[in-house]
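Please read them with the coordinates open.

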Amino acid sequence: MISQPSRHCTVELQALPSRIGQVRRIISAQLRYWHLDPLIDYAALGVTELLTNVHRHAQPDKRCTVDIELLLERLMVSVSDHDPRLPTVRDASLFDTGGRGLALIAAVSESWGIRAQGDTGKSIWFTLPAPPAALALPLRPVYGATTDGPFPGAEFGATTREYGHPWARSAVIS
């Protein structure tokens, strides 16, 4: 479900490996539509890490919800599942094949945290600052699977890719 015209998108899914790529594409398309192209790689990385955690660890099921919302010049990304156990940040050694997901999210995000929802689950979230130029632009037209464009504004991504991430990092558990 994608809510319009607000800048909020919700995707409900089973966190299976075959679905993670689909969700990355949905998130990427939504961010392009909102002119937030510079945030696509960071948001997709964070969502991938959080969905992988749900797939590997969540009990009793793998059902989850991904939310992205533009609030006060910040992109808020969250993944909620039904497992009340809270994750911990681990110090992975050089040869560990896992255990870096939350550290990666902390490294690429402005802030992040965990919201416990009692015995019904939890939500892990992170924020990314929106580039100021994107906030003033109107939403792009949406083209369906049966159209081939044109895709106005495609040049926007090329001029804003240099937008770095000089923001501060913090971990907040609320």
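**Notes on a helix pair and a hairpin**

1. In this predicted model, helix 1 and helix 2 meet through two sets of side by side residues: Pro-17, Ile-20, Val-23, Arg-24, Ile-27, Ser-28, Leu-31 and Arg-32 from helix 1, and Ile-40, Ala-43, Ala-44, Leu-45, Val-47, Thr-48, Leu-51, Thr-52 and His-55 from helix 2.

2. Helix 1 covers residues 17-33 and helix 2 covers residues 40-57. Their axes come within 9 Å and cross at roughly 150°. Angles over 145 degrees count as roughly antiparallel, and the two helices are therefore roughly antiparallel to each other. The crossing of helix 1 past helix 2 is right-handed.

3. Strand 5 (residues 111-116) and strand 6 (residues 122-129) run antiparallel, joined by 6 bridges. Among the residues involved, Trp-112 has Phe-126 in strand 6 as its bridge partner. The hairpin has 5 residues between the strands, and Gly-118 takes a positive phi near 60° there.

4. What does the side chain of Lys-122 reach? The backbone oxygen of Asp-83 lies at 2.8 Å from that side chain. A polar contact of 2.9 Å also joins the side chains of Lys-122 and Asp-81.

5. Leaving aside residues up to four places away in sequence, Lys-122 touches several others, including Val-79, Ser-80, Arg-85, Leu-86 and Pro-87. Arg-115, Ala-116 and Gln-117 are also among the residues that Lys-122 touches.

Conventions. Residues are numbered from 1 along each chain as its sequence is written. This is a predicted model: local features need pLDDT of at least 70, side-chain atom pairs count only at pLDDT 80 or more; totals for chains, interfaces and linings use all residues. Side-chain values use heavy atoms; hydrogens and water are left out. Two strands pair if DSSP finds at least two bridges between them. Helices (H or I, at least four residues) and strands (E, at least two) are DSSP runs, numbered from the N terminus. A polar contact is a pair of N or O atoms within 3.5 Å; within protein, one must be able to donate a hydrogen and the other to accept it, and residues adjacent in sequence count only if both atoms are side-chain atoms. Contact means heavy atoms within 4.5 Å. Axes are lines fitted to C-alpha atoms, for helices over the stretch in contact, and angles run from 0 to 180 degrees between N-to-C directions. Angles under 35 degrees count as roughly parallel, over 145 as roughly antiparallel, 65 to 115 as roughly perpendicular and the rest as oblique. A crossing is left-handed if the near helix is turned anticlockwise from the far one by less than a right angle, and right-handed if clockwise.
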